[in-house]
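Visitor: I am new to reading protein models. Could you walk me through the terms on this one?
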Amino acid sequence: MAAITATAPYAARDRDLRNRALVRGWLYLVLLVLFALVLVGGSTRLTGSGLSITEWQPIHGVIPPLNDAEWQEEFQRYQQIPQYTEINKGMRLEDFKSIFWWEWAHRILARSVGVVFALPLLFFWATRRIERGLGPKLVGILLLGGLQGAIGWWMVASGLVDRVSVSQYRLATHLTFAALIFTATMVVARGLAPHSEPAADRSTQRLAGFIVLLALIQIYLGGLVAGLHAGLSYNTWPLMDGSVIPSDLLLLKPAWLNFFENPKTVQFVHRIGAYTVFVVALWHMIATWRRQPGTTHARRATLLFTLVVVQASIGIGTLLMQVPLHMALTHQAIALVLLGFAAAHWRGTKGAYPLPTRPPMKRRYLVYGFLAVAIIYFAIELPRYV
(Lines give C-alpha, C1' and ligand atoms only; values in the text may rest on other atoms or scores of the structure.)
Protein backbone atom coordinates (compact mmCIF):
# COMPACT_ATOMS: atom_id res chain seq x y z
CA MET A 1 0.00 0.00 0.00
CA ALA A 2 2.85 2.37 0.88
CA ALA A 3 4.50 1.67 -2.48
CA ILE A 4 1.30 2.51 -4.34
CA THR A 5 0.95 5.74 -2.40
CA ALA A 6 4.56 6.69 -3.16
CA THR A 7 4.19 6.15 -6.90
CA ALA A 8 0.87 8.01 -7.19
CA PRO A 9 2.45 11.47 -7.66
CA TYR A 10 4.66 10.14 -10.46
CA ALA A 11 1.67 8.57 -12.21
CA ALA A 12 -0.23 11.86 -11.93
CA ARG A 13 2.76 13.74 -13.34
CA ASP A 14 3.04 11.34 -16.29
CA ARG A 15 -0.69 11.74 -16.96
CA ASP A 16 -0.39 15.53 -16.89
CA LEU A 17 2.57 15.47 -19.28
CA ARG A 18 0.70 13.18 -21.69
CA ASN A 19 -2.33 15.46 -21.60
CA ARG A 20 -0.13 18.46 -22.22
CA ALA A 21 1.45 16.74 -25.23
CA LEU A 22 -1.98 16.04 -26.71
CA VAL A 23 -3.24 19.58 -26.17
CA ARG A 24 0.01 21.02 -27.49
CA GLY A 25 -0.17 18.91 -30.64
CA TRP A 26 -3.72 20.09 -31.23
CA LEU A 27 -2.69 23.74 -30.82
CA TYR A 28 0.17 23.28 -33.30
CA LEU A 29 -2.39 21.97 -35.81
CA VAL A 30 -4.50 25.07 -35.16
CA LEU A 31 -1.44 27.22 -35.82
CA LEU A 32 -0.89 25.45 -39.14
CA VAL A 33 -4.47 26.13 -40.24
CA LEU A 34 -4.19 29.76 -39.08
CA PHE A 35 -0.99 30.13 -41.08
CA ALA A 36 -2.72 28.84 -44.20
CA LEU A 37 -5.69 31.12 -43.54
CA VAL A 38 -3.52 34.24 -43.36
CA LEU A 39 -1.69 33.31 -46.59
CA VAL A 40 -4.93 32.66 -48.46
CA GLY A 41 -6.22 35.95 -47.08
CA GLY A 42 -3.14 37.67 -48.48
CA SER A 43 -3.68 36.03 -51.87
CA THR A 44 -7.31 37.13 -51.77
CA ARG A 45 -6.27 40.72 -51.16
CA LEU A 46 -3.47 40.76 -53.74
CA THR A 47 -5.68 39.29 -56.47
CA GLY A 48 -8.51 41.77 -55.74
CA SER A 49 -10.85 38.93 -54.81
CA GLY A 50 -12.04 40.02 -51.38
CA LEU A 51 -15.30 41.62 -52.54
CA SER A 52 -16.40 38.85 -54.89
CA ILE A 53 -18.83 37.38 -52.32
CA THR A 54 -21.17 40.17 -51.33
CA GLU A 55 -23.28 38.39 -48.71
CA TRP A 56 -22.57 37.24 -45.16
CA GLN A 57 -23.63 33.60 -44.85
CA PRO A 58 -21.49 31.92 -42.19
CA ILE A 59 -23.42 28.64 -42.36
CA HIS A 60 -25.03 28.44 -45.80
CA GLY A 61 -22.04 30.07 -47.48
CA VAL A 62 -20.08 26.83 -47.15
CA ILE A 63 -21.76 25.60 -50.36
CA PRO A 64 -20.50 27.42 -53.48
CA PRO A 65 -22.58 27.89 -56.67
CA LEU A 66 -23.32 24.45 -58.15
CA ASN A 67 -24.81 25.27 -61.56
CA ASP A 68 -24.87 28.01 -64.20
CA ALA A 69 -27.96 29.68 -62.76
CA GLU A 70 -26.37 29.99 -59.31
CA TRP A 71 -23.15 31.33 -60.82
CA GLN A 72 -25.08 33.95 -62.76
CA GLU A 73 -26.95 34.96 -59.62
CA GLU A 74 -23.70 35.33 -57.69
CA PHE A 75 -22.14 37.30 -60.55
CA GLN A 76 -25.12 39.63 -60.72
CA ARG A 77 -24.71 40.48 -57.04
CA TYR A 78 -21.08 41.36 -57.67
CA GLN A 79 -22.08 43.56 -60.61
CA GLN A 80 -24.03 45.81 -58.23
CA ILE A 81 -21.00 46.99 -56.22
CA PRO A 82 -18.62 49.87 -57.11
CA GLN A 83 -15.61 47.59 -57.65
CA TYR A 84 -17.32 46.07 -60.67
CA THR A 85 -18.90 49.23 -62.07
CA GLU A 86 -15.76 51.36 -61.70
CA ILE A 87 -12.91 48.87 -62.18
CA ASN A 88 -14.05 45.51 -63.55
CA LYS A 89 -16.94 46.48 -65.78
CA GLY A 90 -17.20 44.00 -68.65
CA MET A 91 -15.59 41.18 -66.65
CA ARG A 92 -16.46 37.73 -67.99
CA LEU A 93 -18.08 35.08 -65.82
CA GLU A 94 -14.96 32.93 -66.02
CA ASP A 95 -12.85 35.80 -64.69
CA PHE A 96 -15.35 36.30 -61.88
CA LYS A 97 -15.08 32.64 -60.94
CA SER A 98 -11.31 32.98 -60.50
CA ILE A 99 -11.68 35.73 -57.90
CA PHE A 100 -14.71 34.08 -56.32
CA TRP A 101 -12.77 30.90 -55.51
CA TRP A 102 -10.05 32.84 -53.67
CA GLU A 103 -12.58 34.51 -51.38
CA TRP A 104 -14.56 31.30 -50.93
CA ALA A 105 -11.38 29.43 -49.97
CA HIS A 106 -10.55 32.15 -47.47
CA ARG A 107 -13.97 31.93 -45.85
CA ILE A 108 -14.04 28.12 -45.78
CA LEU A 109 -10.61 28.08 -44.13
CA ALA A 110 -11.85 30.58 -41.54
CA ARG A 111 -14.78 28.28 -40.75
CA SER A 112 -12.39 25.32 -40.59
CA VAL A 113 -10.29 27.07 -37.95
CA GLY A 114 -13.41 27.37 -35.79
CA VAL A 115 -14.16 23.67 -36.15
CA VAL A 116 -10.54 22.58 -35.64
CA PHE A 117 -10.41 24.66 -32.46
CA ALA A 118 -13.87 24.25 -30.93
CA LEU A 119 -14.51 20.52 -31.30
CA PRO A 120 -11.19 19.26 -29.85
CA LEU A 121 -11.52 21.84 -27.09
CA LEU A 122 -14.87 20.38 -26.08
CA PHE A 123 -13.44 16.85 -26.30
CA PHE A 124 -10.41 17.68 -24.15
CA TRP A 125 -12.62 19.42 -21.65
CA ALA A 126 -15.13 16.55 -21.52
CA THR A 127 -12.32 14.04 -20.94
CA ARG A 128 -10.72 16.27 -18.26
CA ARG A 129 -7.50 16.87 -20.16
CA ILE A 130 -7.68 20.64 -19.75
CA GLU A 131 -5.88 21.50 -16.55
CA ARG A 132 -7.20 24.13 -14.19
CA GLY A 133 -6.24 27.63 -15.29
CA LEU A 134 -5.81 26.66 -18.95
CA GLY A 135 -9.52 26.65 -19.79
CA PRO A 136 -10.05 30.44 -19.65
CA LYS A 137 -7.07 30.99 -21.96
CA LEU A 138 -8.44 28.58 -24.55
CA VAL A 139 -12.00 29.91 -24.35
CA GLY A 140 -10.57 33.41 -24.71
CA ILE A 141 -8.85 32.40 -27.96
CA LEU A 142 -12.09 30.82 -29.17
CA LEU A 143 -14.00 34.03 -28.47
CA LEU A 144 -11.34 36.05 -30.28
CA GLY A 145 -11.89 33.77 -33.27
CA GLY A 146 -15.61 34.47 -33.25
CA LEU A 147 -14.95 38.21 -33.04
CA GLN A 148 -12.48 37.90 -35.91
CA GLY A 149 -15.21 36.45 -38.12
CA ALA A 150 -17.42 39.47 -37.42
CA ILE A 151 -14.48 41.82 -38.08
CA GLY A 152 -13.92 40.07 -41.41
CA TRP A 153 -17.45 40.86 -42.56
CA TRP A 154 -17.18 44.40 -41.14
CA MET A 155 -14.10 44.78 -43.36
CA VAL A 156 -15.79 43.40 -46.49
CA ALA A 157 -18.90 45.55 -45.94
CA SER A 158 -16.74 48.69 -46.15
CA GLY A 159 -16.09 47.97 -49.84
CA LEU A 160 -19.63 47.17 -50.98
CA VAL A 161 -21.23 50.62 -51.16
CA ASP A 162 -19.06 53.70 -51.63
CA ARG A 163 -15.59 52.25 -52.21
CA VAL A 164 -13.88 50.03 -54.78
CA SER A 165 -11.81 48.33 -52.08
CA VAL A 166 -12.07 47.71 -48.36
CA SER A 167 -11.15 50.31 -45.76
CA GLN A 168 -7.46 50.22 -44.82
CA TYR A 169 -8.47 50.75 -41.19
CA ARG A 170 -10.61 47.63 -41.22
CA LEU A 171 -8.11 45.60 -43.24
CA ALA A 172 -5.34 46.41 -40.77
CA THR A 173 -7.62 45.55 -37.85
CA HIS A 174 -8.60 42.23 -39.44
CA LEU A 175 -4.98 41.30 -40.12
CA THR A 176 -3.84 42.32 -36.65
CA PHE A 177 -6.57 40.29 -34.95
CA ALA A 178 -5.48 37.25 -36.97
CA ALA A 179 -1.91 37.87 -35.80
CA LEU A 180 -3.10 38.30 -32.21
CA ILE A 181 -4.95 34.96 -32.30
CA PHE A 182 -1.87 33.32 -33.80
CA THR A 183 0.29 34.82 -31.05
CA ALA A 184 -2.02 33.76 -28.23
CA THR A 185 -2.22 30.21 -29.56
CA MET A 186 1.56 30.00 -29.87
CA VAL A 187 2.12 31.32 -26.35
CA VAL A 188 -0.26 28.75 -24.83
CA ALA A 189 1.25 25.89 -26.88
CA ARG A 190 4.78 26.90 -25.90
CA GLY A 191 3.76 27.21 -22.27
CA LEU A 192 2.70 23.56 -22.34
CA ALA A 193 6.02 22.40 -23.81
CA PRO A 194 8.97 21.12 -21.75
CA HIS A 195 11.75 23.69 -21.31
CA SER A 196 15.41 22.75 -21.20
CA GLU A 197 16.50 25.91 -19.37
CA PRO A 198 15.32 27.73 -16.26
CA ALA A 199 13.46 30.97 -16.83
CA ALA A 200 15.56 33.90 -18.01
CA ASP A 201 16.08 37.05 -15.96
CA ARG A 202 13.31 39.67 -15.93
CA SER A 203 15.14 42.06 -18.28
CA THR A 204 15.43 39.36 -20.95
CA GLN A 205 11.78 38.44 -20.52
CA ARG A 206 10.62 42.04 -20.85
CA LEU A 207 12.68 42.72 -23.96
CA ALA A 208 11.49 39.49 -25.58
CA GLY A 209 7.89 40.50 -24.86
CA PHE A 210 8.54 43.98 -26.26
CA ILE A 211 9.69 42.43 -29.56
CA VAL A 212 6.38 40.54 -29.79
CA LEU A 213 4.53 43.85 -29.31
CA LEU A 214 6.69 45.56 -31.95
CA ALA A 215 6.01 42.71 -34.40
CA LEU A 216 2.25 43.07 -33.88
CA ILE A 217 2.46 46.84 -34.43
CA GLN A 218 4.52 46.27 -37.57
CA ILE A 219 1.91 43.86 -38.90
CA TYR A 220 -0.78 46.48 -38.27
CA LEU A 221 1.30 49.02 -40.20
CA GLY A 222 1.73 46.47 -42.98
CA GLY A 223 -2.06 46.16 -43.12
CA LEU A 224 -2.34 49.92 -43.64
CA VAL A 225 0.30 49.75 -46.40
CA ALA A 226 -1.65 46.95 -48.08
CA GLY A 227 -4.99 48.72 -47.74
CA LEU A 228 -3.64 51.92 -49.33
CA HIS A 229 -1.54 50.04 -51.94
CA ALA A 230 1.30 52.14 -50.59
CA GLY A 231 3.93 49.60 -51.61
CA LEU A 232 3.29 50.29 -55.31
CA SER A 233 4.98 53.69 -55.12
CA TYR A 234 8.33 54.99 -53.80
CA ASN A 235 10.01 51.75 -54.82
CA THR A 236 13.55 52.69 -53.82
CA TRP A 237 15.71 51.88 -50.82
CA PRO A 238 17.37 53.08 -48.61
CA LEU A 239 16.19 56.49 -49.82
CA MET A 240 12.48 57.17 -50.18
CA ASP A 241 11.42 59.68 -52.83
CA GLY A 242 15.09 60.66 -53.07
CA SER A 243 15.49 61.51 -49.39
CA VAL A 244 16.15 59.90 -46.05
CA ILE A 245 13.09 61.71 -44.72
CA PRO A 246 10.78 62.49 -47.66
CA SER A 247 8.71 65.65 -47.93
CA ASP A 248 4.93 65.96 -47.68
CA LEU A 249 4.65 63.46 -44.84
CA LEU A 250 2.13 65.74 -43.10
CA LEU A 251 0.29 66.93 -46.19
CA LEU A 252 -3.20 66.07 -44.92
CA LYS A 253 -4.98 68.03 -42.22
CA PRO A 254 -5.33 67.27 -39.37
CA ALA A 255 -1.77 65.93 -39.16
CA TRP A 256 -2.68 62.59 -37.52
CA LEU A 257 -4.68 61.63 -40.62
CA ASN A 258 -1.44 61.22 -42.58
CA PHE A 259 -0.45 58.22 -40.46
CA PHE A 260 -3.53 56.33 -41.70
CA GLU A 261 -4.50 57.82 -45.08
CA ASN A 262 -1.37 59.30 -46.69
CA PRO A 263 0.33 56.43 -48.61
CA LYS A 264 3.75 58.09 -48.41
CA THR A 265 3.55 58.59 -44.64
CA VAL A 266 2.18 55.10 -44.04
CA GLN A 267 5.00 53.50 -46.04
CA PHE A 268 7.60 55.67 -44.28
CA VAL A 269 6.28 54.73 -40.84
CA HIS A 270 6.31 51.06 -41.87
CA ARG A 271 9.97 51.44 -42.81
CA ILE A 272 10.74 53.10 -39.47
CA GLY A 273 8.93 50.24 -37.73
CA ALA A 274 11.13 47.72 -39.54
CA TYR A 275 14.30 49.57 -38.50
CA THR A 276 13.04 49.64 -34.91
CA VAL A 277 12.40 45.89 -34.85
CA PHE A 278 15.87 45.31 -36.34
CA VAL A 279 17.65 47.42 -33.71
CA VAL A 280 15.70 46.02 -30.75
CA ALA A 281 16.18 42.41 -31.92
CA LEU A 282 19.93 43.05 -32.36
CA TRP A 283 20.21 44.55 -28.88
CA HIS A 284 18.18 41.68 -27.42
CA MET A 285 20.55 39.14 -28.98
CA ILE A 286 23.66 40.93 -27.68
CA ALA A 287 22.19 41.49 -24.21
CA THR A 288 21.04 37.88 -23.88
CA TRP A 289 24.46 36.52 -24.84
CA ARG A 290 26.03 38.82 -22.26
CA ARG A 291 23.67 37.82 -19.46
CA GLN A 292 23.23 34.13 -20.26
CA PRO A 293 25.92 33.00 -22.71
CA GLY A 294 25.51 29.59 -24.29
CA THR A 295 21.95 29.10 -23.07
CA THR A 296 18.91 28.18 -25.12
CA HIS A 297 17.62 31.70 -24.52
CA ALA A 298 20.70 33.18 -26.19
CA ARG A 299 20.52 30.79 -29.13
CA ARG A 300 16.82 31.59 -29.65
CA ALA A 301 17.59 35.32 -29.51
CA THR A 302 20.16 34.78 -32.28
CA LEU A 303 17.68 32.88 -34.43
CA LEU A 304 15.08 35.59 -33.80
CA PHE A 305 17.47 38.28 -35.03
CA THR A 306 18.29 36.13 -38.08
CA LEU A 307 14.58 35.93 -38.91
CA VAL A 308 14.33 39.71 -38.61
CA VAL A 309 17.21 40.11 -41.09
CA VAL A 310 15.57 37.65 -43.50
CA GLN A 311 12.22 39.41 -43.23
CA ALA A 312 13.79 42.84 -43.75
CA SER A 313 15.61 41.58 -46.86
CA ILE A 314 12.40 40.13 -48.30
CA GLY A 315 10.55 43.36 -47.51
CA ILE A 316 13.17 45.43 -49.34
CA GLY A 317 13.07 43.03 -52.29
CA THR A 318 9.28 43.19 -52.41
CA LEU A 319 9.40 46.98 -52.48
CA LEU A 320 12.10 47.20 -55.16
CA MET A 321 10.24 44.71 -57.37
CA GLN A 322 6.96 46.67 -56.95
CA VAL A 323 5.13 44.02 -54.96
CA PRO A 324 4.89 40.92 -57.18
CA LEU A 325 2.45 38.35 -55.83
CA HIS A 326 5.01 35.71 -54.87
CA MET A 327 7.24 38.19 -53.04
CA ALA A 328 4.34 39.84 -51.22
CA LEU A 329 3.06 36.47 -50.02
CA THR A 330 6.54 35.42 -48.92
CA HIS A 331 6.87 38.68 -46.99
CA GLN A 332 3.55 38.02 -45.27
CA ALA A 333 4.42 34.40 -44.53
CA ILE A 334 7.79 35.23 -42.98
CA ALA A 335 6.14 37.99 -40.93
CA LEU A 336 3.89 35.35 -39.38
CA VAL A 337 6.80 32.96 -38.84
CA LEU A 338 8.76 35.77 -37.18
CA LEU A 339 5.82 36.71 -34.97
CA GLY A 340 5.22 33.09 -33.98
CA PHE A 341 8.86 32.51 -33.13
CA ALA A 342 9.03 35.77 -31.17
CA ALA A 343 5.97 34.69 -29.16
CA ALA A 344 7.45 31.22 -28.54
CA HIS A 345 10.76 32.78 -27.52
CA TRP A 346 9.05 35.15 -25.11
CA ARG A 347 7.17 32.28 -23.49
CA GLY A 348 10.41 30.30 -23.45
CA THR A 349 12.15 33.00 -21.42
CA LYS A 350 9.40 32.65 -18.80
CA GLY A 351 9.49 28.87 -18.64
CA ALA A 352 6.68 26.33 -18.94
CA TYR A 353 3.39 26.64 -17.11
CA PRO A 354 3.67 25.05 -13.66
CA LEU A 355 2.28 21.53 -13.56
CA PRO A 356 -1.18 21.48 -11.96
CA THR A 357 -1.37 20.80 -8.24
CA ARG A 358 -5.17 20.58 -8.25
CA PRO A 359 -7.59 18.36 -10.18
CA PRO A 360 -8.37 19.25 -13.81
CA MET A 361 -11.39 21.31 -14.75
CA LYS A 362 -14.60 19.52 -13.84
CA ARG A 363 -17.03 18.43 -16.50
CA ARG A 364 -19.58 20.97 -15.38
CA TYR A 365 -17.34 23.61 -16.93
CA LEU A 366 -18.39 22.24 -20.30
CA VAL A 367 -21.35 24.57 -19.87
CA TYR A 368 -18.94 27.48 -20.27
CA GLY A 369 -17.54 25.94 -23.42
CA PHE A 370 -20.95 25.47 -25.00
CA LEU A 371 -21.86 29.01 -23.95
CA ALA A 372 -18.76 30.32 -25.72
CA VAL A 373 -19.71 28.47 -28.90
CA ALA A 374 -23.23 29.90 -28.71
CA ILE A 375 -21.88 33.42 -28.30
CA ILE A 376 -19.63 32.97 -31.33
CA TYR A 377 -22.53 31.64 -33.41
CA PHE A 378 -24.71 34.65 -32.65
CA ALA A 379 -21.75 37.00 -33.18
CA ILE A 380 -21.19 35.72 -36.71
CA GLU A 381 -24.89 35.55 -37.59
CA LEU A 382 -25.78 39.00 -36.21
CA PRO A 383 -24.31 41.02 -39.14
CA ARG A 384 -26.91 39.46 -41.45
CA TYR A 385 -29.64 41.37 -39.64
CA VAL A 386 -28.02 44.77 -39.04
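Guide: Gladly! A salt bridge is a side-chain nitrogen of Lys or Arg within 4 Å of a carboxyl oxygen of Asp or Glu. The structure holds 9 salt bridges. This is a predicted model, where local features need pLDDT of at least 70 and side-chain atom pairs count only at pLDDT 80 or more, while totals for chains, interfaces and linings use all residues. Residues are numbered from 1 along each chain as its sequence is written, and side-chain values use heavy atoms, with hydrogens and water left out.

Visitor: What makes D241 and K264 a salt bridge?
Guide: Their side chains meet at 2.7 Å, N to O. The cut-off is within 4 Å, so the pair qualifies. D241 lies in the loop between helix 7 (202–228) and helix 8 (258–261), and K264 in helix 9 (residues 263–291), so the pair ties together parts that are 23 residues apart in sequence. Helices here are DSSP runs of H or I with at least four residues, numbered from the N terminus.

Visitor: Why is K264 called buried?
Guide: Buried means under 20% relative accessible area, exposed means over 50%, and partly exposed is in between (1.4 Å probe, protein chains only). K264 has 6% relative accessibility, so K264 counts as buried.

Visitor: What makes W237, I272, Y275, L320 and M321 a nonpolar patch?
Guide: A patch is made of residues with over 30% relative accessible area and no salt bridge; nonpolar side chains (Val, Leu, Ile, Met, Phe, Trp, Tyr) are joined within 5 Å, and like charges within 9 Å. M321 shows the accessibility part: its relative accessible area is 47%, so M321 is partly exposed. Together the five have about 470 Å² of accessible area, a value from the Shrake-Rupley method with a 1.4 Å probe, where for residues only the protein chains shown count as cover.

Notes:
Helix = DSSP H or I, 4+ residues; strand = E, 2+ residues; numbered from the N terminus.
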